[in-house]
Amino acid sequence: MVNDPIGDMLARIKNAINAGFDSVEIPNSKMKQRIAEILKEQGYIEDFSVIDDRLQGILKLYLRYQYQRRNVIVGLKRISKPGRRVYVDKNNIPLVQRGLGIAILSTSSGVMADSEARKLGVGGEVLLSVW
């Protein structure tokens, strides 16, 4: 049993990047699916698909590489953890790597990237950062 499903997702992505895999399979959930959508919109992954296995499903992420097999995702960090939740208001949404990365937030309007949360003027729980 996994206590932190989002942390497990990030660990699987990091391990796949370090091993040089083209894709990684993760147990599916609505939250993970929305995070995958944001990563695709922001250009950090090529694509994703949901595979029905008659249980909870499998989320398959297709990783994106630059020239000479350098991954687009340099770093992933879980900010809000089960033991320590991190909340921010609309004025204190963090800049990741001075604006070169993104923070993914869970807000009252849904899960979204930091730029969208600033545009809508909402704060929430900072789930993770990607650069």
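D114 has a relative accessibility of 4% and therefore counts as buried, the cut-off for that class being under 20%. The model described here is predicted. Its D114 is found in helix α3, which spans residues 114–120.

**D114 and K90**

- Leaving aside residues up to four places away in sequence, D114 touches I93, P94, G101, I102, A103 and L105.
- K90 is placed in the loop between β5 (87–88) and β6 (102–107).
- The relative accessibility of K90 is 47%, so this residue counts as partly exposed.
- With residues up to four places away in sequence again set aside, K90 touches G121, V122 and G123.
- K90 and D114 lie 24 residues apart along the chain, and their C-alpha atoms are separated by 9.7 Å.

**Strand β8 and its partners**

- Strand β8 covers residues 124–130 and is mostly covered, with 7 of its 7 residues buried.
- Strand β4 (residues 76–78) runs antiparallel to β8 and is joined to it by 3 bridges; within this pairing, K77 stands opposite S129.
- The pairing of β5 with β8 is also antiparallel and extends over 2 bridges, and V88 has G124 in β8 as its bridge partner.
- Between β6 and β8, which run antiparallel, there are 6 bridges.
- L105 has V126 in β8 as its bridge partner, and L105 is also one of the residues touched by D114.

**The open sheet β1-β3-β2**

- An open sheet is formed by 3 strands in the order β1-β3-β2, with antiparallel pairing.
- Its edge strands are β1 (23–27) and β2 (45–51), each of which pairs on one side only.
- From one strand to the next, the twist averages 20°.
- α1 packs on this sheet and touches β1 and β3, its direction making about 165° with that of β1.
- β2 is joined by 6 bridges to strand β3 (residues 58–63), and the two run antiparallel.
- Within β3, L61 is the bridge partner of F48, while L63 stands opposite I45.
- β2 and β3 form a hairpin with 6 residues between them, and R54 in the turn has a positive phi of about 65°.
- α2 lies across β1, β2 and β3 and runs at about 155° to β2.

**Packing of α1 and α2**

- Two packed helices are described by the angle between their axes and by the distance between those axes.
- Helix α1 (residues 5–19) packs with helix α2 (residues 30–41) at an angle of about 45°, and their axes are 10 Å apart.
- That angle makes α1 oblique to α2.
- The crossing in which α1 passes α2 is right-handed.
- On the α1 side the contact involves P5, I6 and M9, which meet M31, K32, I35 and A36 in α2.
- By class, the residues of this contact of α1 with α2 divide into 6 nonpolar, no polar and 1 charged.

Methods: Residues are numbered from 1 along each chain as its sequence is written. This is a predicted model: local features need pLDDT of at least 70, side-chain atom pairs count only at pLDDT 80 or more; totals for chains, interfaces and linings use all residues. Side-chain values use heavy atoms; hydrogens and water are left out. Axes are lines fitted to C-alpha atoms, for helices over the stretch in contact, and angles run from 0 to 180 degrees between N-to-C directions. Helices (H or I, at least four residues) and strands (E, at least two) are DSSP runs, numbered from the N terminus. Angles under 35 degrees count as roughly parallel, over 145 as roughly antiparallel, 65 to 115 as roughly perpendicular and the rest as oblique. A crossing is left-handed if the near helix is turned anticlockwise from the far one by less than a right angle, and right-handed if clockwise. Contact means heavy atoms within 4.5 Å. Ala, Val, Leu, Ile, Met, Phe, Trp, Tyr, Cys and Pro count as nonpolar, Asp, Glu, Lys and Arg as charged, and the others, Gly among them, as polar. Buried means under 20% relative accessible area, exposed over 50%, partly exposed in between (1.4 Å probe, protein chains only). Two strands pair if DSSP finds at least two bridges between them.
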